[in-house]
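Please go through the model below by question and answer.

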Amino acid sequence: MGMSVTISAADESDAEQILKLQYLCFQSEAEAYGDYAIAPLTQSLDALRAEMAAGCVLVARLGEEIVGSVRGAVDPDGTARIDRLCVHPRLQRHGLGGRLLAGIEARLAAERQAKRYHLVAGHRGEGNLRLYRKYGYTPVSTERDRKVTLTAMTKDAGGTAPAAFTARA
């Protein structure tokens, strides 16, 4: 590649690139379920900006290009809701998703006192489910969202500390 991928906090000026990446990355999910009206594909720029203002968003950059993103927010009870983890298709399977996940966990624990983490994944996304299990998440329930069965997974914020979110590839 020649360049290192860096992980850092997103800012307002990243919103359009994040939304375009999200749209690209979630096409395969939509195809797998035959549902192109899933939330990541219908989210507006204004809704993304509101999420960015209320929560924590990390991006992975290769030079100036955003090639990965994840977001999270912490509920009043200390549960961190992690959402929309995505990595550009050309960079998948190189550990970037794991770095983003570890980064958002570290940020939410350090800055927002997360006590536990919660995320959901489509039941057909075996690669995603495998990644989450590798990082200590366990399935706790399933729910139906139109055509998609979602697997909810959680883990406690204790244990070994995740890698720092500023790590480089």
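Q: Is Thr151 buried or exposed?
A: This is a predicted model, in which local features need pLDDT of at least 70, side-chain atom pairs count only at pLDDT 80 or more, and totals for chains, interfaces and linings use all residues. Residues are numbered from 1 along each chain as its sequence is written, and side-chain values use heavy atoms, with hydrogens and water left out. Buried means under 20% relative accessible area, exposed over 50%, and partly exposed in between (1.4 Å probe, protein chains only). Thr151 has a relative accessibility of 10%, so Thr151 counts as buried.

Q: Where is Thr151 placed, and which residues is Thr151 in contact with?
A: Thr151 is in strand 7, residues 148–156; helices (H or I, at least four residues) and strands (E, at least two) are DSSP runs, numbered from the N terminus. Contact means heavy atoms within 4.5 Å. Leaving aside neighbours within four places in sequence, the contacts of Thr151 are Leu119, Val120, Ala121, His123, Leu129, Pro139, Ser141 and Thr142.

Q: Which members of the largest nonpolar core touch the most other members?
A: A nonpolar core is a set of buried Ala, Val, Leu, Ile, Met, Phe, Trp, Tyr and Cys residues joined through side-chain atoms within 4.5 Å. The largest one has 26 residues, and the two that touch the most other members are Ile82 and Leu100.

Q: Which element gives the largest share of this core?
A: At least two residues each come from strand 1 (5–9), strand 2 (56–62), strand 3 (65–74), strand 4 (79–87), helix 5 (96–112), strand 5 (116–122) and helix 6 (126–134). The largest share is five residues, and it comes from helix 5.

Q: How many residues are in the second, separate core?
A: This core includes Ile18, Cys25, Tyr33 and Leu48. Its number of residues is 19.

Q: At roughly what angle do the axes of helix 1 and helix 4 cross?
A: Axes are lines fitted to C-alpha atoms, for helices over the stretch in contact, and angles run from 0 to 180 degrees between N-to-C directions. The axes of helix 1 (residues 15–25) and helix 4 (residues 45–54) come within 10 Å, and they cross at roughly 115°.

Q: Which residues make the contact of helix 1 and helix 4?
A: Helix 1 supplies Ala15, Glu16, Ile18 and Leu19. From helix 4 come Leu45, Leu48, Arg49 and Met52.

Q: Is Arg84 buried or exposed?
A: Arg84 is placed in strand 4. Its phi is near 55°, a positive value in a residue other than glycine. With a relative accessible area of 11%, Arg84 is buried.

Q: Is Gln113 buried or exposed?
A: Gln113 lies in the loop between helix 5 and strand 5. Phi of Gln113 is near 55°, a positive value in a residue other than glycine. At 52% relative accessibility, Gln113 counts as exposed.

Q: How many Å apart in space are Asp77 and Leu150, C-alpha to C-alpha?
A: Asp77 is in the loop between strand 3 and strand 4 and, at 44% relative accessibility, counts as partly exposed. Not counting residues up to four places away in sequence, Asp77 touches Lys115 and Arg116. Asp77 and Leu150 are 73 residues apart in sequence, and their C-alpha separation is 23 Å.
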